[in-house]
Amino acid sequence: SFITAVCIAGFARGYGFALRIGTVAALAVSLPTLLQPDVTQLDIRNCGSWSGMLILISIVAGYGRRVSGEADRERDLALDRLSRLADANALLYSLHRVAQTLPQSLDMNDVLDSTVGRLRGLIDFDSLVILLFDDTDGHWQVVRTEGCSLASRLGPTDLPPGLRDAIAEGGVISMPALGMGNFGFDDRSASGLYAPLTARGSIMGLI
């Protein structure tokens with residue numbers, strides 16, 4: 001009966017609680033015997049054996065709870081990483097499809113309207129900026145904006161840090177918390193998504 005209670009305590013609350021329960025159980029077993037006037041060496045050995053067994057079981061039960069808890073945490077982290085990777089892959093695939101459709105029209109306004117429409121179907125955004133790189137002078141031409149106001153041309157140093165990183169790495173950069181010196185094109189933006197899209201040999205910067 002005591003062993004079952006100690007095991008349950010260890011798996012329920014861990015080392016500390018299990019050791020307290022095990023100590024109380026050991027005293028409950030040992031004291032009635034040790035306080036008898038005719039106690040023998042055999043009785044003392046039996047009490048020591050039972051007490052040691054209860055303490056050892058409490059330690060093992062607490063360790064088992066710790067191991068199972070760590071396994072559960074690792075599983076939750078792995079599932080969370082898998083979910084985020086799946087979302088990122090789906091977003092990258094969708095952005096790739098957007099980039100593939102850009103050269104289908106020779107009219108820039110049609111291309112921009114199609115791009116903005118597809119992006120609005122993918123992402124719920126408050127502001128959007130599409131930049132077209134001019135390789136003649138190394139500046140960026142602002143070809144479409146929504147929700148913010150910018151100059152018609154931007155220099156390389158005028159780009160937000162996230163967009164510069166996305167261009168350098170050639171991939172999507174997510175900024176879940178803008179602020180503290182790291183702003184987007186709009187100072188009111190709380191988060192941003194930067195993606196370089198290749199179309200007709202030019203690079204388009206998107207936030």
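**The core, close up**

Modeller: The largest nonpolar core has 14 residues, and those with the most contacts inside it are Val129, Leu131, Leu154, Leu159, Leu163, Phe185 and Tyr194. Strand S1 (128-134), strand S2 (139-146), helix H5 (161-169) and strand S4 (173-175) each give it two or more residues. Apart from it lies another core, of 8 residues, including Leu119, Phe125, Ile130 and Ala195.

By nonpolar core I mean buried Ala, Val, Leu, Ile, Met, Phe, Trp, Tyr and Cys residues joined through side-chain atoms within 4.5 Å. Buried is under 20% relative accessible area, exposed is over 50%, and partly exposed is in between (1.4 Å probe, protein chains only). Helices (H or I, at least four residues) and strands (E, at least two) are DSSP runs, numbered from the N terminus.

Bear in mind that this is a predicted model: local features need pLDDT of at least 70, side-chain atom pairs count only at pLDDT 80 or more, and totals for chains, interfaces and linings use all residues. Residues are numbered from 1 along each chain as its sequence is written, and side-chain values use heavy atoms, leaving out hydrogens and water.

Now the surroundings. The protein chain has 5 helices and 6 strands, running α-α-α-α-β-β-β-α-β-β-β from the N terminus on. Of its 207 residues, 32% count as buried. Take contacts (heavy atoms within 4.5 Å): among those between residues at least 6 apart in sequence, 47% join residues at least 24 apart.

Helix H1 has its own buried residues, Val6, Ala9 and Gly10.
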